[in-house]
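Visitor: I would like to learn how to read a helix and its charged pairs in a model like this one. Where should we begin?

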Amino acid sequence: MVSDITEAFVPKDIGPAVCNTGPYPIAFDSGMAAITPDARTMLDMLGKIARDCGGQIEIAGPNDRMTAVVQNYLEGRGVAPRNMARRTSDQTKSQVEITLR
């Protein structure tokens, strides 16, 4: 009767996923384009959200090098390149901001 127990505790309809759009700041060491361990954890979570929720990811950073590092990392986590756009922004200083659209 395991199936009866499973049916009793597994919700029939959990509804649509709740997808926060951000922005999510990804900090870099000052002047470097290397992903820190804390940033990896955040990017892994954002990669999963992006895959589950679909839509586009906007990657904004102070220079093209930093945004490329983030895009390459997310591609390695299964996010399709066609679902990402990069732009430079003077407002982000030594961090990259990710927004889900």
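This is a predicted model: local features need pLDDT of at least 70, side-chain atom pairs count only at pLDDT 80 or more; totals for chains, interfaces and linings use all residues.

Visitor: What span should helix 2 have, and what is the distance between its end C-alpha atoms?

Guide: Helix 2 has 17 residues, which at 1.5 Å a residue should span 24 Å; the end C-alpha atoms are 24 Å apart, so the two agree.

Visitor: How do I read the faces of a helix? Which residues of helix 2 are buried?

Guide: The general idea is that an α-helix has 3.6 residues a turn, so residues three or four places apart point the same way. In helix 2 the buried residues are Ala39, Leu43, Leu46, Gly47, Ile49 and Ala50. Viewed down the axis of helix 2, they fall within an arc of 165°, so they line one face of the helix. Pro37, Thr41 and Asp52, on the other side of helix 2, are exposed.

Visitor: What do the buried residues of helix 2 pack against?

Guide: They pack against strand 1 (24–27), strand 2 (57–61), helix 3 and strand 4 (95–100).

Visitor: Now the charged pairs. How many salt bridges are there?

Guide: Side chains of opposite charge can pair when their charged atoms come close. With a cut-off of 4 Å between nitrogen and carboxyl oxygen, the count here is five salt bridges.

Visitor: Which residue of helix 2 pairs with Arg77?

Guide: Asp44 does, with the closest N and O atoms 3.0 Å apart. This pair links distant parts of the chain, 33 residues apart: Asp44 is in helix 2 (residues 37–53), and Arg77 is in the loop between helix 3 (64–76) and strand 3 (84–88). Arg77 is partly exposed at 37% relative accessible area, as is Asp44 at 33%.

Visitor: What does Asp64 pair with?

Guide: Asp64 forms a salt bridge with Arg86, the closest N and O atoms being 2.6 Å apart. Here too distant parts of the chain are linked: Asp64 is in helix 3 and Arg86 in strand 3, 22 residues apart. Asp64 is partly exposed at 44% relative accessibility, and Arg86 is partly exposed at 35%.

Visitor: Which residues are linked in a network of salt bridges?

Guide: Glu58, Arg87 and Arg101 are linked in this way.

Definitions and conventions: Residues are numbered from 1 along each chain as its sequence is written. Side-chain values use heavy atoms; hydrogens and water are left out. A salt bridge is a side-chain nitrogen of Lys or Arg within 4 Å of a carboxyl oxygen of Asp or Glu. Helices (H or I, at least four residues) and strands (E, at least two) are DSSP runs, numbered from the N terminus. Buried means under 20% relative accessible area, exposed over 50%, partly exposed in between (1.4 Å probe, protein chains only). The expected span of a helix is 1.5 Å times one less than its number of residues. The arc is that of the directions from the helix axis to the C-beta atoms. Contact means heavy atoms within 4.5 Å.
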